[in-house]
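Student: I would like to learn how to read a model of this kind, feature by feature. Could you give me the general idea each time and then the case at hand?

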2 protein chains.
Amino acid sequence: MDVRHLELLRELDDRGSVTAVATATHRTPSAVSQQLRSAERAFGAPLVEPRGRGLRLTDAGRVLAASARDVAVALAQAEARWDEFRGRASGVVSLAALPSAATFLLPGVLRELADDPIEVVCTDLDVAEAAYAAEVVDHDIVVAHSAIRTPAHTEDTVVRHLVREPLDIAMAAGHPLAVLDRVTPDDLVDLPWVGVPLGYPFDSVRLAVEEATGRGVDVRQRVRDNRLAEALVGAGDHVAVLPRFTAPAGDDVVLRPLAGLASGRHVFAILRKDRAERRAVRRVLDALTSVAAEFAPAAG
Amino acid sequence: MDVRHLELLRELDDRGSVTAVATATHRTPSAVSQQLRSAERAFGAPLVEPRGRGLRLTDAGRVLAASARDVAVALAQAEARWDEFRGRASGVVSLAALPSAATFLLPGVLRELADDPIEVVCTDLDVAEAAYAAEVVDHDIVVAHSAIRTPAHTEDTVVRHLVREPLDIAMAAGHPLAVLDRVTPDDLVDLPWVGVPLGYPFDSVRLAVEEATGRGVDVRQRVRDNRLAEALVGAGDHVAVLPRFTAPAGDDVVLRPLAGLASGRHVFAILRKDRAERRAVRRVLDALTSVAAEFAPAAG
DNA sequence: ACTTTCTTTGTAGGCTGCCTACATGGACGT
DNA sequence: ACGTCCATGTAGGCAGCCTACAAAGAAAGT
């Protein structure tokens, strides 16, 4: 029972196509295809079957892919114990994080890890809430967010909750509402909004406002980038939902908490179980947790 | 982290020398030595150090060897699940058993497994009690015996108790003691004995007799083979300790239970944890257990 | 002290297996 | 019907692992 064959099946299960596996493992599709046939010969059973333009695993292939996950965990534990023995958690830890969370987490993490021989490679990632989980196949740690505290996750991933961040209402400093300490759904429902694309967590605040008032709000723009949203808010009479920890830099935009409903997002880390075994990965995860904890008291 | 390297270190830990690993894995010592250096390059640390004529693992090497055991278990579980999925536990199961236990267990086991695609390869093995455990590196299942119920075993082996077998006193059919239903230590202590080498479980009966009478018995011969012991007993006035389940075939030797002290041996199976995961191995182990259970009621 | 023996290690060379490059064929969408 | 995308087949190159042989070091016997 060859570990390489198991790993191949696991990759194929995760990525769904020969070409995807090939690019992920830096090989040609031909090589992957040959390895597949070699695996089928070794196991003595068909492991893939044609499916439309591509192919998919048979039941037999999925059984082996599931076992491959356990083997990967055992192997990662071995590596973790080895790092432990050598007293050093080192290596490259790849991170994919939504930009607004990375903004308030990453500087602290890098400061905390300054003395460790760990290189953190962070990519920012701004996708719909449901799409974050899929990124664990390409990154050690995925920092995601959700309106709910415990998002769905698969069998071989683990989720660590980092912090709940309040979502406030941003408006121009000269906006009529800016004189208030806090704003209510009724204050907001008739104003023009700078919103986010459908499926993004901030949208839950808009839905809650609509729920509370029984009326629809007027979403004029749907943008992902918070700095862009700020600029739009600062330049006009729009309001927008913005996370509190990355408060606007300039003086022309202010944040006001939303009264009457609990508006917040949960920021958490998603890891694949085998990757989570690595000592360096745990170290980064702990740093994320402790940096996030510094923000927790302010969560109100 | 290469699985082959881990397996190599594990083998080296188990067998203690490059040449032993080489013969066990059907390679030349040169190949093993080269792989060791390759592993040291890969792990970036010395894994072996010279020790007398041979060499031994460093602490680092032992850490990796320990992890290798866990990886081996995960891999064996994968194989077990694969067999499960295909609905067939097949393959070769190698058995090493002490002859007197194999005599009453193996026929039943082979009968029970007649319809299974499992080939049982049994070697008989007659060594001192402490030496059985070492055989697990070469066989899937080792059937051993001991005077005590739960013998010592290492971290990565499991032990399953099979049956307690009474040990009786054998004597010629015409022996004066043969008229008795049972014999006592006092009856035996002055007779010439056919014993076993030191360290063999039957010797515990001699020790118990000496303990009970306060006198030493006269051991004339020390033989391993029970048939040979029978022949010696049948031909003279000697007595011998023999297990009950493999009763003498002929009419010229009879068995009499020993009164006044609990004389028995425990027969059990020893397995390495990774080998124990294999479905075919479990099947054979279960067959051993059920065959042994048929003898248990007679254990009195 | 010398030799024998057992062990590990080095070197050269062959073989196997994996991968790339390129070409082919099937399935889907336009 | 065509282009596109995906998987697969073939030929050849390259690396890695192994064997055969030679050599060196350490222990034990003479």
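Tutor: Let us begin with burial: a residue is buried if 20 or more other C-beta atoms lie within 10 Å of its own, exposed if 12 or fewer, and partly exposed in between, with C-beta atoms placed from the backbone. Helices (H or I, at least four residues) and strands (E, at least two) are DSSP runs, numbered from the N terminus. In H1(B), the buried residues are His5(B), Leu6(B), Leu8(B), Leu9(B), Arg10(B), Glu11(B) and Leu12(B).

Student: Before we go on, what kind of model is this, and how are its parts labelled?

Tutor: This is a predicted model, in which local features need pLDDT of at least 70 and side-chain atom pairs count only at pLDDT 80 or more, while totals for chains, interfaces and linings use all residues. Residues are numbered from 1 along each chain as its sequence is written, and chains are lettered from A and ligands numbered from 1 in the order in which they are written.

Student: What covers the buried residues of H1(B)?

Tutor: Contact is the term needed here: two residues are in contact if their C-beta atoms, placed from the backbone, lie within 7 Å. The cover of the buried residues of H1(B) includes helix H4 (59-86) of chain A, and from chain B helix H2 (18-24), helix H3 (29-43), strand E2 (54-57) and helix H4 (59-86).

Student: How is the span of helix H1 of chain B to be read?

Tutor: The expected span of a helix is 1.5 Å times one less than its number of residues. Helix H1 of chain B, residues 3-15, has 13 residues and reaches 18 Å from its first C-alpha to its last, close to the 18 Å expected. Just after H1(B) comes Gly16(B), with a positive phi of about 85°.

Student: Which residues other than glycine take a positive phi?

Tutor: Among them are His26(A), with phi near 55°, and His26(B), with phi near 60°. His26(A) is placed in the loop between H2 and H3 of chain A, and His26(B) in the loop between H2 and H3 of chain B. His26(A) counts as exposed because it has 7 C-beta neighbours inside 10 Å, and His26(B) counts as exposed with 7 C-beta neighbours inside 10 Å.

Student: Through which residues do the copies meet?

Tutor: In chain B, 17 residues are in contact with 17 residues of chain A. On the side of chain B that touches chain A, the elements giving two or more residues are H1 and H4 of chain B, and H4(B) gives the most, with 14 residues. By class that side divides into 12 nonpolar, 2 polar and 3 charged residues, where Ala, Val, Leu, Ile, Met, Phe, Trp, Tyr, Cys and Pro count as nonpolar, Asp, Glu, Lys and Arg as charged, and the others, Gly among them, as polar. Since 100% of the interface residues of chain B are also interface residues in chain A, the copies meet through the same surface.

Student: Which residues come nearest to DNA strand D, and which are closest to DNA strand C?

Tutor: A residue is near a molecule or strand if its C-beta atom, placed from the backbone, lies within 6 Å of it. Around DNA strand D there are 20 residues, of which Ser17(A), Val18(A), Thr19(A), Ser30(A) and Ala31(B) come nearest. At least two residues each of the surface near DNA strand D are supplied by H2, H3 and E2 of chain A and by H3 of chain B, and the classes there are 5 nonpolar, 11 polar and 4 charged. DNA strand C is surrounded by 21 residues, the closest being Ala31(A), Ser17(B), Val18(B), Thr19(B) and Ser30(B). The surface near DNA strand C draws at least two residues each from H3 of chain A and from H2, H3 and E2 of chain B.
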